[in-house]
Structure formats: C-alpha cells, structure tokens
Amino acid sequence: LRTTLLYGLNMMIFKQLFQPKWQHKDAVVRLQAIQKLNDTSILEQVATKDIDTDVRKQALEQLDTLACWDHALHHDNDVKIQKLALEKIKQLLFSKNSVLSSSDKQQYLQNCAHSALLEDFIRRGDIDSLRLTLLNKLNKNSLNYDLAIRDRSEEVALACAQRVEDTKQLEKIANKAKHLSVQKWAQTKLAEIKAEAEKPELLRK
C-alpha cells in the first residue's frame, strides 16, 4: 500500500513538473503560457477545448483566422465569444486592409448560413458580383425593396427592383429610386401590371 501511495505521489509530482503550462489546472497560468506560444496546433486545441472563456479568447485572438472565428461563432458556448467572433469575421470581410482575397470571401460567404452576416455583406460588400449571388441565396423582400431604392450600384439596385412584386413598393421605387434606370424599369413594370389588370377576363386567361 505504501509503495502504491509513493508511486502515485511521484507520478503526480512528475506530471506537475513536466506538464506543459498551457495544460495547467490554473487558468491564469494557462493564459500566461499561451501568450508565449506560436504553435498553431496547440492554440487551436486551446481555442476549441479550454474550459475557461478568457483562455479560449486569447487563443482565438492569437490565431486570428477566418476559420477559427467561424468555428467560434457556430460552436463556442459563450455568447461574448460568439459576438466577438462575428465582429472579427466582419472585419476580415469588410476591412480595406483585409488579408482575405476576393475568392476567399466568395468561398466563405457562399457556404455561410448566417443570414445577418449575408445581409450585411450584401449591403456593405465591395464585390458586386458576389452581392448579386448572395441576393439569390437570401432572397429577402425588405432587403430587395430597400436596395432597389438606395443602393450605390445601378446593377444591384435594378436586380433588387426586379425581385419586388408588391405594387405599392414598385410605385415608391418608380418615384424614389436613386438610379433613373431603376425608376424607368419600375414605371414600365407598373404600366404592364395595369394593362394586364384592364384586359377582359377571357383575354387574361
């Protein structure tokens, strides 16, 4: 029994002496340890598995990649980290100095299911072709109506107007759209709707 106890004690001491500090039971020690780390694989383990929020947050900030923030957004159980992850993703997508290429952004957003993030890029993004692709994916009527009136891109505004079916919204687009071509399209569409409504019932069939 004594031998067993001594063996257990020795193993515990051995573990404490040689265990990496980023695995220490004290979160403060772990936090200090990872601040000195540059091993991506270890930081990824800490970012996804450490039980302490501050330790995970520190690891995420050191990694600072789209992949790690996306994982945190969808899988971390702490609301503050989820919010931070969303803000970091937005910075990577919208910053003029972003390390992401256009193809990186396109690949990420085409596979993204976060509707608020998709809408944000449609409104603020700098790649019109990608904005148009995401409009097809999201297809939100209030967004189509709003951008038909105010979007900076004539192409995007027209594409949004062509998705609007409500007559009252089309009337507002015809009068208030930023781009003259969009106004004219809405006016033509309204005239077509009116002409169709005035046809005899037999002709409409």
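Contact here means heavy atoms within 4.5 Å. Among contacts in the protein between residues at least 6 apart in sequence, 38% join residues at least 24 apart. The structure is a predicted model, in which local features need pLDDT of at least 70 and side-chain atom pairs count only at pLDDT 80 or more, while totals for chains, interfaces and linings use all residues. Residues are numbered from 1 along each chain as its sequence is written, and side-chain values use heavy atoms, with hydrogens and water left out.

**Overall make-up**

- The protein has 14 helices and zero strands; helices (H or I, at least four residues) and strands (E, at least two) are DSSP runs, numbered from the N terminus.
- Read along the sequence, the pattern is α-α-α-α-α-α-α-α-α-α-α-α-α-α.
- Of the 205 residues in the protein, 36% are buried; buried means under 20% relative accessible area, exposed over 50%, and partly exposed in between (1.4 Å probe, protein chains only).
- The accessible surface of the protein is about 13500 Å², and carbon and sulfur atoms account for 51% of that surface. Such areas come from the Shrake-Rupley method with a 1.4 Å probe, and for residues only the protein chains shown count as cover.

**Helix α3 and its cover**

- Helix α3 spans residues 40-49, and its buried residues are Ile-42, Leu-43, Val-46 and Ala-47.
- Seen down the axis of α3, these buried residues fall within an arc of 135 degrees, so they line one face of the helix. The arc is that of the directions from the helix axis to the C-beta atoms.
- An α-helix has 3.6 residues a turn, so residues three or four places apart point the same way.
- The cover over the buried residues of α3 includes α2 (27-34) and α4 (53-63).

- Leu-63 belongs to helix α4, and it counts as buried because its relative accessibility is 14%.
- Not counting residues up to four places away in sequence, Leu-63 touches Thr-40, Leu-43, Glu-44, Ala-47 and Cys-68.
- Leu-63 and Asp-39 are 24 residues apart along the chain, and their C-alpha atoms are separated by 9.5 Å.
- Asp-64 lies in the loop between α4 and α5 (66-75). With 41% relative accessibility, Asp-64 counts as partly exposed.
- The phi of Asp-64 is near 50 degrees, a positive value in a residue other than glycine. Most residues other than glycine have a negative phi.

- Lys-105 is placed in helix α7 (residues 102-110), and its 5% relative accessibility makes it count as buried.
- Leaving out residues up to four places away in sequence, Lys-105 touches Leu-92, Leu-93, Ser-98, Leu-100, Asp-126, Ile-127 and Leu-130.
- Gly-125 sits in the loop between α8 (115-124) and α9 (128-138), and it counts as buried at 1% relative accessibility.

**Helices α8 and α9**

- The buried residues of α8 are Leu-117, Leu-118, Glu-119, Asp-120, Phe-121 and Ile-122.
- Covering the buried residues of α8 are, among others, α6 (79-94), α7, α9 and α10 (141-150).
- In α9, the buried residues are Leu-130, Arg-131, Leu-132, Leu-134 and Leu-135. These residues pack against α7, α8, α10 and α11 (154-161).
- Asn-139 follows α9 and has a positive phi, near 45 degrees. Asn-139 lies in the loop between α9 and α10.

**Packing of α12 and α13**

- Helix α12 (residues 167-176) and helix α13 (residues 180-198) pack at an angle of about 140 degrees, with their axes 7 Å apart. Axes are lines fitted to C-alpha atoms, for helices over the stretch in contact, and angles run from 0 to 180 degrees between N-to-C directions.
- On the α12 side, the contact is made by Thr-167, Leu-170, Glu-171, Ile-173, Ala-174, Asn-175 and Lys-176. On the α13 side, residues of the contact include Trp-185, Ala-186, Leu-190 and Ile-193.
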